[in-house]
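Have a look at the sequence and the fold, and then we can walk through a few points together.

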Amino acid sequence: MKPMNGSKPAARELIDRIMASERLQGSSHFSERVYASEPILTTGRQMANYLPDRYREMKAISRWETNSNGGGRWLSEAELFYRQGTFMADFEDDCPYPGTFNSYFPTYNAMSDRQLRGYFTWRAAVRQGDIQESCLSFAYVYLYELICGIGVTDPMDGFQKLESFWRAYRAFSPKIDRYARTWLQDYVVYHGLSPQLLKPYKTLSFDRALVALTRAEELACARLANPQRGRRKKGASALPLPGDPVAEQRLFDALDALSTYHLAGSRLYKSKPEALRHVCCAVFVRMSEYYHKQRKYSLTESLFGGQFELAYTMFGSAVFFEPERHPDADYELDEIHRYRCRNGAWSCERYQGNRSRNAKLGQAMRAADRILREELGFDRSLKEQGKLPKYLQGLIEEEVAAWLAWSAAHAPARVEIDLSQLANIRRAAASTRESLLIDEEREGKGALLDAADGDTRDGESDDVTHVDRTAPEPLPMAAAAASPVEPISPPAATATAGHTHQTAGLGPSEVGYLRALLEKDQAEAAKIAKEKHGSEDMLVDAINEALFELVGDTVIEYGPGGPELIEDYREDVEGFLNHE
C-alpha cells in the first residue's frame, strides 16, 4: 500500500482521522450498540446486507421445540412471535427503512432483514414519543407487542401505551380504528381494569342508550300486563301529559343515539323541543306495545338482537399469545354487557346483533318529525321517504293528535287591551263613589268631578284591560288515525319488471342464505355466511337493507339460536325468491 506523507499507509491514516473526529464519533454508525467484533470498515455491498448478531439470534429461535423425551412440537405463529418479541423487547436499531411492508397478520417472521432493521428503528422512536407515519403493518406489529405484554411494565401501562399510540397513529391511517378500538376494550376486560377507562368510547355510550330503550319498553309492557293501567282513554297519549322532562330527555337522547335520523339536529327540535321530544318518546312506547302484542320478539330485540351469551375470542384478528391460561373470571362492563372466562375459554353476554345506528328506528323517528311539522304548520317541511307500515302511520298520527289537543287545552289565557275604554270606566267609577258618600263627604264632590273632567280635557287616555279567556281551537289532524294494532300489510310480491329491478341487489350468497332460513336450516345459513361473507351480522344487515323498501320492515331478526326469518314475511320472501 502506498504510504501518505512518507510514514503511514493511506488506509491507516484515514481511520485515524475518522476516529479523531468528534462529529463522526457521535454518528449512529459509531453507536455503542455495535458489537466490538464487527469490522470497522465494510464495502457498500456488505453494508447493504449487514445484519447485527442480535437479529441472527432472534431468527435462531426455532419453530420446532424439542422435549426431554426426544419428541417435540411445532410452535404456532403467535407463540413464535411472542418468544421472538420477548427476546427483542429492549432492542433498538438505527437503520431507517424507506420502503413499504404489507402483510396480513404481520410478524417478524414475515419481514426481510432490511424491514426488520427498519421496524426496530421505527419502534425505538415510537418509544421515545416520536410517532411517525410508516407502514401500517409496522403499526399492527407494535400493537401486537403491547397486547402480548412486550415492552409493558404492568396492565395499566399497557393500556396507556395502547391508547396513546392508537390516538396518535389514527391521524395517519384511520383504518387502524377498525381493530384498535376492539383490542383496547378487550385489554381492559382481559386484565380486569376499571370499565371507566372505556367511558369515552362507543361501546359504553351505545350500551347506555340501549338500557334507556329497554327500560322504557319494560314500563310499557308492565302497563299492558296490568288490566287496570293497561286501558288507555281514546285520544290519550302513551305517556303522561304534562311529561316528565328528565325521563323524556333520557329516552329522547337514546333514540337520537341509536337511530339513523339525527333528532337533536332537527329544526323542529330547536324551535319546539318539548313537542318533538314528547311525540318521539310516545311513538317509541306505542311501537313497544305493538311488538309486545303482535310479534314474537320485543322491539329492542328486533332492532338490536337478543341478549344472550356466546363464545368470544379475545383480541380477535390480532397475533396474540398467552403463556399461561387466564384464570376463571367474571367481568361486567355494564348492566347489559358481561364477560366470563372458564378454563381459559371466554364468552360474552350482550345484545348479539346490530351494534350501530338502526335504519328502521330512524325511519320511525323521521316520520314522527315530518307528521308533527305538517300539523303544526311548520315552515320547514320534510319530504316523505318511502311508504310507512300502516300500524306505524296510525300510531304516529294518534300521538301527534294527542299532543296538539293537550297543548290547545293548556294554552295560556289570551289578554287583549282596549285603550279606548279607560276614560269611561273612570267616569263610572267616580259616579259610583259619589253615590256612596254621605252628605258631609259630598262637600268635595265638585272638586272630584272637575279633576276627572280635567283629565279628559287634557286629552290624556289610558289603557283598559279586557281579558278574553276563550281558549284557541285545537289544530285539526290532516288524516284520521289508523288502529295502533293493525298488522303490517306489505305489497304482495309480483314478477313485474319493477320488482325484478328492486330485488336484483340480492347476490347468489344472499339468496342462498335466505333459502336456508326459509327451510329453518340455520347451520347451512351460518355456513354460507362464513364462507361467502366472513361475518353473519354484516350479511343479515345487507339483506334487511335490500328488502326494507319492498317489505317496509326488517325480515330477519335475532333469536336465541341465531338469525331467524320473521314468520309474518315468510310468504313475501318466498315470492321474492321465486321471481328472482
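Which residues of helix 8 are buried? They are D157, G158, F159, L162, E163, F165, W166 and Y169, where buried means under 20% relative accessible area, exposed means over 50% and partly exposed lies in between (1.4 Å probe, protein chains only). Please keep in mind that this is a predicted model, in which local features need pLDDT of at least 70 and side-chain atom pairs count only at pLDDT 80 or more, while totals for chains, interfaces and linings use all residues. Residues are numbered from 1 along each chain as its sequence is written, and side-chain values use heavy atoms, with hydrogens and water left out.

**Helix 8**

- Helix 8 covers residues 155-169, 15 residues in total; helices here are DSSP runs (H or I, at least four residues), numbered from the N terminus.
- From its first C-alpha to its last, helix 8 reaches 21 Å, close to the 21 Å expected at 1.5 Å a residue, the expected span being 1.5 Å times one less than the number of residues.
- Its buried residues pack against helix 6 (113-127), helix 7 (136-147) and helix 9 (177-190).
- At the start of helix 8, a side-chain oxygen of D154 comes to within 3.1 Å of the backbone nitrogen of M156.

**Around Y119**

- Beyond its neighbours within four places in sequence, Y119 is in contact (heavy atoms within 4.5 Å) with Y108, M111, F138, V141, Y142 and E145.
- Y119 and W122 are both buried, and they are separated by about one helical turn because they are three residues apart in helix 6.

**Confidence**

- The protein chain averages a pLDDT (the predictor's confidence in each residue, from 0 to 100) of 81, and 78% of the residues score at least 70.
- Confidence is highest in helix 7, at a mean of 97, and lowest in helix 20 (residues 497-503), at 40.
- Over residues 24-38 the pLDDT stays under 50, and the model has 17 contacts beyond four places in sequence for them.

Note on methods
Helix = DSSP H or I, 4+ residues; strand = E, 2+ residues; numbered from the N terminus. Polar contact = N/O pair within 3.5 Å; in protein donor to acceptor, adjacent residues only side chain to side chain.
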